[in-house]
Amino acid sequence: MRELAERLVAWGKADGADEIEVSVVEGREFSVDVRRGRIENLVEAGSRVLGLRVIKDKRTAVAGSSDLEPGTLRRLVRNAVRRAELAEPDEFAGLAPLTPSTVDAAALRLHDPEVPALDPKTMIGLALETERIALADRRITNSHGASFSSDDAAVFLANSNGFSGGFSGTYCGLGVGLQAGGTNDRVEDSWYSSKRFFRELASPEDVAKKAVERTVRQLRPRKVRTKNVPVVFDPTMTSWVMGFLFSCVAGTSVYQKASFLSEKLGERIGNPLVHVVDDALIPGELGSRPFDSDGVPCRRTVVVDKGVLRNFLCNVYAARKLRLQTTGNADGGGVSPHNFSLAPGKSTPEEIVRSVKEGLLLTRTLGHGLNSVTGDISRGAFGLWIENGEIAYPVSEITISGNLGALLQGIEMVGNDLEFLSPVAGPTIKVAGMTVAGE
Amino acid sequence: MLPYIDHFGLSAEDLRTTLVFALSKGGDFAEVFLEYRAYDYILMEDDIIKETAESIGIGMGIRVLAGDQTGFGYTNDLSLEKVQRAALTAAAIAKGKYRGAAFRLRERTLRKDVARVIRPAHASGIAKKIALVREAYGAARYFDPRIAKVKSSLQDSIQYVTIANSEGLLVRDVRPMVRLTCVVIAEKDGRREFGYWGGGGRVGLEYFRDVLTPGKIGAEAAAEAVLLLDAVDAPAGEMPIVLSPGHSGVLIHEAVGHLLEADFNRKKTSVFWNKMGKKVGTDQVTIYDDPTIPASRGSYNVDDEGTAPRRTLLIEKGVVAGLLQDKLSARLMKRPLTGHGRRQDYSHWPVPRMANTYIDRGEYDPAEILASVKKGFYVDSLQGGQVEDSGKFTFSVSLGHLIEDGKLTAPVRQATLIGTNIDILKRLVCVGSDLAFGLQTGTCSKEGQDVPVNDGCPTIKISRMTVGGRR
């Protein structure tokens, strides 16, 4: 991979590019879906893909290919250099200067040698076992199936400023989707675990029990009248809000004025309980990385400090546009989160529910309904109605709406239950008041 | 038909022996899907042509069916050795010995083309494409002084597929596609709003001269953003809804289309699985999916399993009449194929998918429908939606209007509509005569696979639906 990437960098320079960067990704995947005790799908495959970017006279062209024939690649590089002349000069274009890395990739624990060595029988067995445990519960009436998947991928990046480096990472995941109720009053939900290290993956029992609990608690839902009430977000829902916040603090959205937070750097955007961090250096987590796709070392960045917006997450390009420093979040042409989370607080999830006189415990949403330009949130919702600090009954066919700015100001309690199921996460939170629309 | 260019270097005999390898463990069906796709992309932002891109995807997916089980492998190294290794990987789903009879591949030649292309956009000069992107950008940028930001882009692709299977099928298809879109942000007194418009389909660049000009795309996107600057928050609660003709078809796509995909019915996870032949909606509701509409983004000559598609009746006057089938579900359910087996690319196996889904024209005059609503909500444009098998679905309205005394009044921003499909079909009380199709820029996601689709719909009225607004 190193040889291929460096050869393309040399071709680009020879063709007249001022700057060129080349990335190569090589991966192997295995996945199995089982349903009602039988294998439904079994996949095993390998793939390679290459991407490059050339800059000539501040003009940019990019190219990508999964055809790695030398003839094809030679032509792609030549075309890109030629095509760069058709773009217009962009004073902000250009590679990152070479910065010596201080990140110890080995200490990040990104690769578990056990994952590529897993026996297909073991992986199939885990999926079957998970579904079996879930279906043994008599309240479960149908299954979307259980899946196990694993992935082992290596990335290599080289550029004409002298950067040349790579790393590999593993991933494995186990999940199950369930339905309960009859044909006309069906409810559904799912649960999963995903980790870089096989040994850290949740057991079939844990995954199945959580999926069953999340599904059956929705049975016999009621509709509620439209009202403004406190809303408790369970961790999956806080993660969803954090994903939306990420898209609003992404430097690429900010310079495009596609974020309602564009002009808010240094200002208070949430109450003092809101502390948001992006940390690529947590060992073993899904969003950890030694360097980004610009070849810049990754780091820990405080995004919101006690309610004050401190940093946007940038690649080199967005940072130049905004006159900021890159935070090492480059991913292809955009930016990606590296363990982006709302820092946990002190309350237990039970304490949070107990504090609500009447309100909604939000467990699932459906649809799109996020507008980063305005911060508006409007989604179909499912959850549990809370009365006098107790879960009273499930509710469905409602929507929640509000605005991310108001939501961050309205966070009254933060739970202690933060766990990374993806590179974006958050604990249970309670938000003062949102519109819940029903009948 | 556009000329077919072979990018794979594998002979019919290579494909046949690969299929035999795939069946070596006793599978009852094997299929090879070879794909070469080339894309071009041009982006204009910050008043400059910022970037151009070219990308190439090549690979082969091989699938083996053994009863209701699927073995699948893929590779982007098309050497015969790697291709046959992938075949053996997929073969492992079955546990036995080769039991297929000898078969020969017979090439089926396609005669009619759904594409309306003089010259594929991919083969047109890049300077011409840059000019179109600039034109859309300029029309939006100078539409109004309140326009703060514009992003305009053109993406075109050409896909060459070769499909061969152990039933002896060999078919090749060429699929051109183009899409020009414009995203606009307008700003007034610190408030910002977003507008979007676009067009394209299985057409050539002449479409942007003859059917929909870049100037119109830019102006429509800008007009939507500017209008939203004065929009009010959406109302909250249940009320009558009127959907504008055209891309409100997303409602039909979410509320009905997905749940009539055969796999969800075979697995009995869809609310429709036991409702075939049963009345689920008003007499007004007749729904089709038609992959053969000329020039449309969702159309194709053969599906990704090599089946010639046909217009499929899904709901007839409120009665469930059909399902969208792929080979696996059709075999297991013993139903005829409809040509709706689609996949994102070679690295995914086909599943039943929609193509161009629409609710057929009705008898009502659109003006009469609007006039019948005293107080309600009118949907102008939609961002997209989502459905789960239980029939609960939502879709997001990016621009709407209040209806007061049968007339459109204040523009309304961001709202979500939520409902259960069976309820909505029963409340679909008026269907207009003005059937129209959406923007030709839509993409549908299912099980991690994205495919191009389009939707259509006349003006329709739903007697009651929950609007998730803030007032």
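Strand β3 (residues 59–65) of chain A pairs with strand β2 (residues 48–66) of chain B in the parallel sense, over six bridges. Strands here are DSSP runs of E with at least two residues, numbered from the N terminus. Two strands pair if DSSP finds at least two bridges between them. Within this pairing, A:G64 has B:S55 in β2(B) as its bridge partner.

This is a predicted model, where local features need pLDDT of at least 70, side-chain atom pairs count only at pLDDT 80 or more, and totals for chains, interfaces and linings use all residues. Residues are numbered from 1 along each chain as its sequence is written, chains are lettered from A and ligands numbered from 1 in the order in which they are written, and side-chain values use heavy atoms, without hydrogens and water.

**Where the chains meet**

The contact (heavy atoms within 4.5 Å) takes 77 residues from chain A and 72 residues from chain B. The size of an interface is often given as the accessible area lost when the parts come together. Chain A and chain B bury about 6000 Å² between them, with 47% of it on carbon and sulfur atoms. That area is what the two parts lose on being put together, summed over both, with a 1.4 Å probe. A:E88, A:L366 and A:E397 supply 11% of the area that chain A buries against chain B, more than any other three residues.

Nine salt bridges are counted between chain A and chain B. A salt bridge is a side-chain nitrogen of Lys or Arg within 4 Å of a carboxyl oxygen of Asp or Glu. B:E54 forms one with A:R75, and their closest N and O atoms are 3.6 Å apart. On the side of chain A that touches chain B, strand β2 (residues 38–56) of chain A gives the most, with 11 residues.

**A strand with two partners**

Strand β16 (residues 392–404) of chain B is mostly covered, as 12 of its 13 residues are buried. Buried means under 20% relative accessible area (1.4 Å probe, protein chains only). The table lists its pairings.

| Strand paired with β16(B) | Sense | Bridges | One bridge pair |
|---|---|---|---|
| β17(B), residues 407–420 | antiparallel | 11 bridges | B:V397 and B:A415 |

Both pairings are hairpins. β15(B) and β16(B) have four residues between them, and B:G391 there takes a positive phi near 100°. β16(B) and β17(B) have two residues between them, and B:D405 in the turn has a positive phi of about 50°.

Key. Buried < 20%, exposed > 50% of the residue type's maximum accessible area, 1.4 Å probe, protein only.
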